[in-house]
Amino acid sequence: MRRMLPSTATGALLSVCLLATTSTAWSQSAAERAVEAAQEYSGTEITVLYEAGLQALDASNFAAERWEELTGIRVNVVESPVDEIFTRIMQAHRAGTASFDVVNVIPNQMPDLAMSGALEPLDDYVERYDYAQELELIAPVYRDNWMRVEGTIYGFPDDGDVLVLYYRKDIFEDPENQEAFREQHGYDLAPPTTWEEYREIGQFITDKYAPEVYGAAGHFQPGNFQYLVQQRFRDEGGRFFDPETMRATINSEAGVRAFEGIRADLEMMPTGVEQWGFVENLNALLAGDVAMSITWPPVGRWAAGYGAETDALDWLPESQVSGRIGYALPPNGQPELAVGWALSLASTSENKEAAYLFMQWMNSEEVSLERVQLPFTLRGPFRESHYQDEGFRNLWPDAGDYLDTLWEGAQSGILDLSIIQIDRYEEALRQAISRLWAGDDIQEILDDTAEQWDALTDRIGVDAQRRAYEDWASKPNAYPTQ
Amino acid sequence: MLIRRSRADEAISGTADASRHPPDSPARARPTIFASDRVFKYAVITPAIFFILLIGLYPFIKLLLTSVQNITMFQDDTSYHGFIHFERLFSDLRFWSSLARTFAFTAVALPVQLILGFLLALLFVNRMPIRQVFVAVLLLPVVISPIVAGATWRLMFEHRFGPINQIIGWFVGEEVRLLWTSDPILVWPAILIAEVWQWTPFMFLLLLAALSNVGREQLEAAELDGASWWMTFRWIVLPAIMPVVAIALLIRGLDLVRIFDIIWTMTRGGPGTMTESVSIYAYHMAFREFEISYSAAMALVIIVLLTVLVVAALSRVEISR
């Protein structure tokens with residue numbers, strides 16, 4: 001009995017301690033767990049590869065300093081233009097250098113990077129640091145499509161990109177315009193639901209207001225525009241490949257219709273719009289020079305004047321359309337989930353634990369909520385809680401509508417094509433777009449593109465590419481449902 | 001100075017050492033490692049040869065080996081694959097088109113730069129007030145990085161706010177929106193303007209130096225004999241500056257064949273592949289598509305072609321002998 005007493009007491013004490021420890025672990029958030037574990041690596045330095053420009057301010061103006069304060073780990077930010085990101089990661093991997101620890105990856109390039117061994121599988125880390133539960137809270141479309149390659153986690157979706165239609169409410173809701181438009185076209189002047197309506201509405205506005213205001217504009221430089229082309233092609237009923245033969249079908253009637261429609265749209269847009277990139281389009285919208293623009297989420301925040309007083313945005317022209325911008329899904333209602341970003345761990349990293357913990361902390365519920373509200377980064381909401389957060393929904397008068405539109409887009413959005421060596425297929429598409437702007441014959445452009453795609457497929461291997469394509473095409477968000 | 005030089009010669013040849021020590025002294029009996037002129041020369045040259053081999057020959061051998069392997073983005077297959085990449089290269093229309101485009105651009109840009117450079121040199125060869133200031137200003141484009149020059153010219157040619165369209169607009173009296181970097185008709189002239197702007201001063205500098213060294217006495221004698229300007233130029237000036245012209249053409253020709261920066265920043269090879277030079281294509285295949293073995297084969301073919309051209313060019317000028 002005497003012997004039993006101390007052992008019982010010890011057992012009870014252990015149980016209490018265990019319970020206390022467990023409950024502490026339970027009560028800890030993923031961010032707190034990451035911080036606690038990362039303190040072990042205090043004094044080390046990790047390097048993070050970011051898209052150059054505003055996106056990188058996420059770390060350099062916000063996360064790096066706070067992470068260092070919390071953990072003692074220094075964060076070095078390296079920037080690269082968006083179309084060089086893949087190259088930089090691959091170069092570092094092939095050279096075997098530990099140039100980066102954490103890399104921002106475009107999700108449709110993730111399979112290529114993972115298959116070439118450039119990215120570290122994350123499942124063990126997720127389990128070790130108990131992150132699975134919070135990963136599940138990422139919006140389903142991003143969680144289910146941007147995180148895994150062949151069932152293995154290679155990245156954390158970290159930027160809910162989706163293309164949104166921004167339109168001038170004052171022009172659309174003007175009674176005189178409403179009446180004139182209905183008389184001319186037989187339907188209400190409202191955000192367009194088809195590409196034909198888009199062109200007609202745009203033309204109506206251009207005819208009435210140009211050169212002060214044009215019907216629409218966009219970012220038409222091939223690098224940015226290829227995503228909208230992918231959407232437009234699928235909106236027209238196009239399929240990228242014949243799944244039987246894996247021959248490219250971009251040169252189908254749907255492809256021709258899409259390209260003809262795009263070229264026809266230019267009629268109601270400012271001259272030279274085909275050379276506009278993201279910034280030119282943004283400037284035009286903020287200046288009130290265009291009535292419609294299909295672009296990424298940050299534009300909606302800036303158009304509302306959010307963050308105008310921020311130093312990092314002092315280059316941004318003052319929004320002349322604050323309070324007059326409405327949010328809607330682009331025609332056809334299934335927007336392209338264009339680009340997006342995922343946080344991945346470089347396989348050549350020499351600080352894998354510290355780097356992973358930084359990723360988990362950044363991507364966690366509480367820290368990511370702060371990050372998506374930073375006015376100076378390009379980060380869109382990507383967790384269910386982001387869209388519902390009361391603070392976020394009250395950042396400006398229409399913020400609730402804005403978040404609802406993004407959420408709607410995240411439900412119905414369609415994925416960028418993702419197959420083996422996707423960058424090479426996209427490169428051919430970018431060339432096709434620049435030829436479209438140069439005035440080449442559309443069928444000829446698309447035939448050449450299809451020929452390039454076929455040659456690529458043959459070189460990669462038809463069977464291997466078929467498997468990759470079938471895997472991508474089987475996802476519910478690969479092709480529009482309508 | 002003379003004494004110093006002779007002592008240095010003695011030191012190299014070892015004679016100083018020999019004369020300083022009598023024939024039976026220990027130093028005479030144990031010659032140093034530099035005692036032999038030949039050994040010393042080899043000792044001096046060896047590090048240089050080692051580094052040249054390290055930085056020149058090793059990459060070349062590696063390139064050769066890589067070109068017959070099959071290293072791609074996904075596989076490090078270093079087994080021997082024969083000449084598959086060369087076969088593919090010979091049927092790669094994009095490669096041959098980019099090569100043809102590069103040579104065609106060189107054939108246009110090189111004479112333009114030569115002629116403009118020569119005219120500028122003629123203008124500045126005679127003494128004039130603040131000539132040095134003008135020459136220094138003219139040389140500024142050369143010291144700018146081609147990437148910066150290309151980015152600047154892209155802005156200059158910007159269709160809405162670029163000064164080029166605005167200046168044209170002043171002349172024609174209405175707003176002009178020429179799409180310099182995407183219109184198939186305008187894109188090459190735009191690149192040519194940027195390239196000529198940046199590198200004509202280089203031609204100018206070399207030709208100015210060459211013209212400045214043409215013998216005054218010969219020119220004065222020709223003038224006294226009543227030779228025309230053309231005859232003086234043809235029979236006195238041109239032969240005198242010809243070696244420099246040849247070298248200038250060779251340097252600039254090679255630069256133009258590997259043109260990358262200006263085109264990359266202005267058009268990225270577009271629209272389509274219309275302005276894609278062979279360097280851009282090689283970069284694309286190597287560092288964007290990671291077709292490592294294929295791009296090695298491509299580099300090898302380019303090296304062979306350029307070597308043939310350089311040897312042919314050098315054999316026609318004085319320095320080859």
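Tutor: Start with strand β3 of chain A, residues 102-105. A:V102 and A:N104 point one way from it, and A:V103 and A:V105 point the other way. All four are buried. Buried means that 20 or more other C-beta atoms lie within 10 Å of the residue's own; 12 or fewer makes it exposed, anything between is partly exposed, and the C-beta atoms are placed from the backbone. Strands (E, at least two residues) and helices (H or I, at least four) are DSSP runs, numbered from the N terminus. In a regular strand, side chains alternate between the two faces of the sheet.

A word on reading what follows. This is a predicted model, so local features need pLDDT of at least 70 and side-chain atom pairs count only at pLDDT 80 or more, while totals for chains, interfaces and linings use all residues. Residues are numbered from 1 along each chain as its sequence is written, and chains are lettered from A and ligands numbered from 1 in the order in which they are written.

Now the neighbours of β3(A). Two strands pair if DSSP finds at least two bridges between them. Strand β1 of chain A, residues 45-51, runs parallel to β3(A), and two bridges join them. There, A:V48 has A:V102 as its bridge partner. Strand β11 of chain A, residues 341-345, runs antiparallel to β3(A), with four bridges. In this pairing A:V105 is partnered by A:A342.

Next, strand β7 of chain A, residues 164-168. Five of its five residues are buried. Both of its faces are covered. A:V164, A:Y166 and A:R168 lie on one side, and A:L165 and A:Y167 on the other. β7(A) pairs with strand β8 of chain A, residues 292-295, in the antiparallel sense over four bridges. A:M292 in β8(A) stands opposite A:Y167. Four bridges also join β7(A) to strand β9 of chain A, residues 325-328, again antiparallel. In β9(A), A:I325 stands opposite A:R168.

A helix packs here too. In helix α14 of chain A, residues 278-286, the buried residues are A:E280, A:N281, A:L282, A:A284, A:L285 and A:L286. They pack against β7, β8 and α15 (297-303) of chain A. After α14(A) comes A:G288, whose phi is positive, near 80°.

Chain A also meets chain B. Two residues are in contact if their C-beta atoms, placed from the backbone, lie within 7 Å. By that rule, 18 residues of chain A touch 17 residues of chain B. On the chain A side, α4 (85-95), α5 (110-115) and α21 (422-438) give two or more residues. α21(A) gives the most, with seven residues. By class, this side has four nonpolar, nine polar and five charged residues. Nonpolar covers Ala, Val, Leu, Ile, Met, Phe, Trp, Tyr, Cys and Pro; charged covers Asp, Glu, Lys and Arg; the others, Gly among them, are polar.

Chain B has 15 helices and two strands. Of its 321 residues, 26% are buried. Its domain assignment gives domain 1 (2-77) and domain 2 (93-320); such bounds come from an automatic or database assignment. Nine residues of domain 1 of chain B are in contact with eight of domain 2 of chain B. On the domain 1 side, α4 (37-67) and β1 (70-71) of chain B each give two or more residues. α4(B) has the largest share, four residues. That side has four nonpolar, five polar and no charged residues.

Zoom in on one residue of chain B. B:A282 sits in helix α14 of chain B, residues 278-288. B:A282 counts as buried because it has 21 C-beta neighbours inside 10 Å. Leaving aside neighbours within four places in sequence, B:A282 is in contact with B:S295, B:M298 and B:A299.

Last, confidence. pLDDT is the predictor's confidence in each residue, from 0 to 100. The mean for chain B is 86, and 88% of its residues reach 70 or more. Over residues 1-21 of chain B the pLDDT is below 50. Where pLDDT is low, the predicted coordinates should not be read in detail. The model scores ipTM 0.75 and pTM 0.82.
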